[in-house]
Amino acid sequence: MDDVLKEIEREIGENRVVVYMKGTPAFPMCGFSAATVQVLREIGVPFKAVDVLAEPEKREAIKTYSHWPTIPQVYVAGKFVGGCDIVREMHARGELAPLLRAAVGV
């Protein structure tokens, strides 16, 4: 698992916005992943998506990495933001867009 944790750390370090999700942005495989992608697309910032269904070892490793039990998980500028509910709540309060835009330099 150490190798997978290092790969996760690299992905988060190399990408300003990362979502670990079930499926892909084009074909999300759960409603929570779909809702998270919808919020990110609405804000319009680029993001890297990692399909944990295609990489089962990452599905468990990301939970260990973040100490968070569910998928999706969103990271911004190297920091864990939260899952679907937190992302939606931040978006509704107008807090997510400025955070994301600052992270990607828009």
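Me: Is R10 buried, partly exposed or exposed, and what is its relative accessible area?
Reply: This is a predicted model, in which local features need pLDDT of at least 70, side-chain atom pairs count only at pLDDT 80 or more, and totals for chains, interfaces and linings use all residues. Residues are numbered from 1 along each chain as its sequence is written, and side-chain values use heavy atoms, with hydrogens and water left out. Buried means under 20% relative accessible area, exposed over 50%, and partly exposed in between (1.4 Å probe, protein chains only). R10 is therefore partly exposed, its relative accessible area being 41%.

Me: With which residue does the side chain of R10 meet in a salt bridge?
Reply: A salt bridge is a side-chain nitrogen of Lys or Arg within 4 Å of a carboxyl oxygen of Asp or Glu. Helices (H or I, at least four residues) and strands (E, at least two) are DSSP runs, numbered from the N terminus. At an N to O distance of 3.1 Å, the partner of R10 is E14.

Me: Is E14 buried or exposed, and at what relative accessibility?
Reply: E14 counts as exposed, because its relative accessibility is 54%.

Me: How many residues apart in sequence are the parts tied together by K58 and E7?
Reply: K58 and E7 form a salt bridge whose closest N and O atoms are 2.9 Å apart. K58 lies in helix α3 (residues 56-66) and E7 in helix α1 (residues 2-14), so the separation in sequence is 51 residues.

Me: What are the relative accessibility values of K58, E11 and E7?
Reply: K58 counts as buried, because its relative accessibility is 1%. E11 is likewise buried, at 5%. E7 is partly exposed, with a relative accessible area of 29%.

Me: How many salt bridges does the count come to?
Reply: Side chains of opposite charge can pair when their charged atoms come close. The pairs described here include K58 with E7 and R10 with E14. By the salt-bridge rule, the count comes to seven.

Me: Which residue of β3 is the bridge partner of Y20?
Reply: Two strands pair if DSSP finds at least two bridges between them. Strand β1 (residues 17-21) and β3 run antiparallel and are joined by four bridges. In β3, the partner of Y20 is Q73.

Me: Which residue in β4 stands opposite V74?
Reply: Strand β3 (residues 73-76) is covered on both faces, with Q73 and Y75 buried on one side and V74 and V76 buried on the other. Three bridges join β3 to the antiparallel strand β4 (residues 79-82). Opposite V74 stands G82.

Me: Which residue in the turn of the hairpin formed by β3 and β4 has a positive phi?
Reply: Most residues other than glycine have a negative phi, and most peptide bonds are trans. The hairpin has two residues between its strands. The residue in the turn with a positive phi, of about 50°, is A77.

Me: Which residues does T36 touch, not counting those up to four places away in sequence?
Reply: T36 is found in helix α2 (residues 31-43) and counts as buried, because its relative accessibility is 0%. Contact means heavy atoms within 4.5 Å. With residues up to four places away in sequence left out, T36 touches V19, P72, V74 and C84.

Me: Is the peptide bond from I71 to P72 cis or trans, and what is its omega?
Reply: P72 lies in the loop between α3 and β3. The peptide bond leading from I71 to P72 is cis, with omega near 10°.
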